[in-house]
Amino acid sequence: MKSKNYLDVVYDQKEKPFTTYPKKLISHLIRRFNIEINSKVLDVCCGRGEFINEFINLGLEGHGVDINDTAKKHFPALSLKLVDLEKDKLPYNDNEFDIVFNKSVVEHFLSPEKIIKECYRVLKPGGIIITMTPSWEHNLKNFYDDFTHKQPFNLTSIKDLHKTSNFSQIKAEHFIQLPQLWKKNVLSKILYFISLLTRIFVPNSLKKNSKFIFFSKEIMILCSAKK
């Protein structure tokens, strides 16, 4: 019997349909890191393809790589290459991309340093890597709900991962996936405080009832670095 695709199970469209979040996140990252239009971007392990698709929609040249072709099914025009990164290198030349993006990727590999070193290789000098991964200290109880999770990270370990791959100007911070908090105004500060209280006092059992509760508790790490 043929086993089911991981993405089809964990990211089933009925349970986890496409939302406007990828557009909001990618727009935020482009502004935050001053990414120029027409930059060449690689999404490593791009999954369903919704994040690299938004890079493309916002005027960048987007490419994806993954072990299966799920992204191509959703976005037929996407430039996608198939590769098993447990065994093989990224199928691109040295110094090819301005930006390498990876979200919820490094925690799935027993040797994530291989992936990050490959990201370094395919980046142009001065290029930026953007890595997002669950924050271990905020996800202790649920990190292994995903049976493919192998390597947890905190702020120190994610920075060391990039440092050992020769990246420089490494920055890492906790990142709440609530677009309302990304603006620098009074309302966002108030909502941040409410999110903090939610994280501390609201039971985990209520996460399924509210995205605000869910993302207030399941904090990510956002790491950036330059080649």
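I take a patch as residues with over 30% relative accessible area and no salt bridge, like charges joined within 9 Å and nonpolar side chains (Val, Leu, Ile, Met, Phe, Trp, Tyr) within 5 Å. This is a predicted model, so I note that local features need pLDDT of at least 70, side-chain atom pairs count only at pLDDT 80 or more, and totals for chains, interfaces and linings use all residues. Residues are numbered from 1 along each chain as its sequence is written, and side-chain values use heavy atoms, with hydrogens and water left out.

**Surface patch**

I looked for nonpolar patches. Phe-193, Leu-197, Ile-200 and Phe-201 form one on the surface, with about 440 Å² of accessible area together (Shrake-Rupley method, 1.4 Å probe, only the protein chains shown as cover for residues). Phe-201 sits in helix H7, residues 186–201 (helices are DSSP runs of H or I, at least four residues; strands are runs of E, at least two; both are numbered from the N terminus). Phe-201 is exposed, at 64% relative accessible area (exposed is over 50%, buried under 20%, partly exposed in between; 1.4 Å probe, protein chains only).

**Sheet**

Next I traced the strand order. I read an open sheet of 7 strands, E3-E2-E1-E4-E5-E7-E6, with mixed pairing (two strands pair if DSSP finds at least two bridges between them). Strand E3 (79–82) and strand E6 (168–175) are the edges; each has a single partner strand, so one side of each lacks a neighbour in the sheet. The twist averages 15° from one strand to the next (axes are lines fitted to C-alpha atoms, for helices over the stretch in contact; angles run from 0 to 180 degrees between N-to-C directions).

I then checked one pair. Strands E5 (123–134) and E7 (220–226) run antiparallel, joined by 7 bridges. Met-132 has Leu-222 in E7 as its bridge partner. Helix H3 (50–57) lies across E1 (40–44), E2 (61–66) and E4 (97–103), at about 170° to E1 (contact is heavy atoms within 4.5 Å).

**Salt bridges**

How many salt bridges does a search of the whole structure find? I get 8 (a side-chain nitrogen of Lys or Arg within 4 Å of a carboxyl oxygen of Asp or Glu). One of them pairs Lys-40 with Glu-96, closest N and O atoms 3.0 Å apart. Lys-40 is in strand E1 and Glu-96 in the loop between E3 and E4, so the pair ties parts 56 residues apart in sequence. Lys-40 and Glu-96 are buried.

Arg-48 meets Glu-50, also in a salt bridge, at 3.0 Å. Arg-48 counts as buried at 8% relative accessibility, and Glu-50 counts as buried at 12%.
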